[in-house]
Amino acid sequence: MNQHELPHKVEAPLVSDLLIITGPPGAGKSTVARLVADRFEPSAVVLGDAFFGFVARGYIDPWLPESHDQNTVVTEATARATSVFARGGFTTIFDGMVGPWFLPTFLQHAELDAVHYAVLLPSVETCVARVRDRIDHGFREEDVTRDMHAAFVSAGIDPRSVIEAELEAAVVAEEVLRRFEQGMLAYPASGA
């Protein structure tokens, strides 16, 4: 078995779910999202970064303060597209940057009552090393990685959504799945 494969499939829930897997750059979102999606039939993985590629002219790096309006539009587009899969019967994994500051916007435009929200949060040094060493992604900004990590750390995220992501991706995926299947990642929380 490949080190990134998980041992068994899980039946999709009766009601399709949308699970957001987010975190700072280098957190391991894409690897974990794929491992989680592989456990469900049917499933979909929506790559949030792809939506920034649709901006043909006037693109602003999304970490810059002046990118707020652009980021709001991209968040709305990704939320709407992602929710179509979830409402269509797919266990849907969104792989991308949805900080807690954009989570209400995402939920509003997804037109769903709730989503599941997992924040992968390894140490800042792990994120920096992963960003620096990856070869399949164009983003390698150390200062931005540090700033985004700090933004997630200081955002007051509900601890049940925060998943330490220092370990091997398959172990992190198992923890995401455990919390997802137990309803621990629901946003808004039950009774909230």
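This is a predicted model: local features need pLDDT of at least 70, side-chain atom pairs count only at pLDDT 80 or more; totals for chains, interfaces and linings use all residues.
Let me begin with a pair of helices: the axes of helix 3 and helix 4 cross at roughly 50° and come within 8 Å, where axes are lines fitted to C-alpha atoms, for helices over the stretch in contact, with angles running from 0 to 180 degrees between N-to-C directions. Helices here are DSSP runs of H or I with at least four residues, and strands are runs of E with at least two, both numbered from the N terminus. Residues are numbered from 1 along each chain as its sequence is written, and side-chain values use heavy atoms, with hydrogens and water left out.

Two packed helices are described by the angle between their axes and the distance between the axes. Helix 3 and helix 4 are therefore oblique to each other, given that angles under 35 degrees count as roughly parallel, over 145 as roughly antiparallel, 65 to 115 as roughly perpendicular and the rest as oblique. Their crossing is right-handed, a term used if the near helix is turned clockwise from the far one by less than a right angle. On the helix 4 side, the residues that meet helix 3 are Thr 105, Phe 106, His 109 and Ala 110, and among their partners in helix 3 are Thr 75, Thr 78, Ala 79, Thr 82 and Ser 83; contact means heavy atoms within 4.5 Å.

To take one of them, Asn 71 has 9% relative accessibility and so counts as buried, and, leaving aside residues up to four places away in sequence, Asn 71 touches Phe 52, Pro 62 and Phe 102.

As for the geometry of helix 3, its 20 residues should span 28 Å at 1.5 Å a residue, and the end C-alpha atoms are 28 Å apart, which agrees; the expected span is 1.5 Å times one less than the number of residues. Just after helix 3, Gly 89 takes a positive phi of about 100°.

Moving on to the loop between helix 4 and strand 4 (115-120), we find Glu 111, whose phi is near 55°, a positive value in a residue other than glycine. Glu 111 counts as exposed, at 54% relative accessibility. Asp 113 lies in the loop between helix 4 and strand 4 as well, and it too counts as exposed, at 75%.

Which residues does Asp 113 touch, not counting those up to four places away in sequence? They are Leu 107 and Pro 188, and the C-alpha atoms of Asp 113 and Pro 188 are separated by 8.3 Å, although the two residues are 75 apart along the chain. Pro 188 is found in the segment after strand 6 (186-187), and a cis peptide bond joins Tyr 187 to Pro 188, with omega about -5°. A cis peptide bond also joins Glu 41 and Pro 42, with omega about 0°, and Pro 42 sits in the loop between helix 1 (29-37) and strand 2.

Note on methods: Buried means under 20% relative accessible area, exposed over 50%, partly exposed in between (1.4 Å probe, protein chains only).
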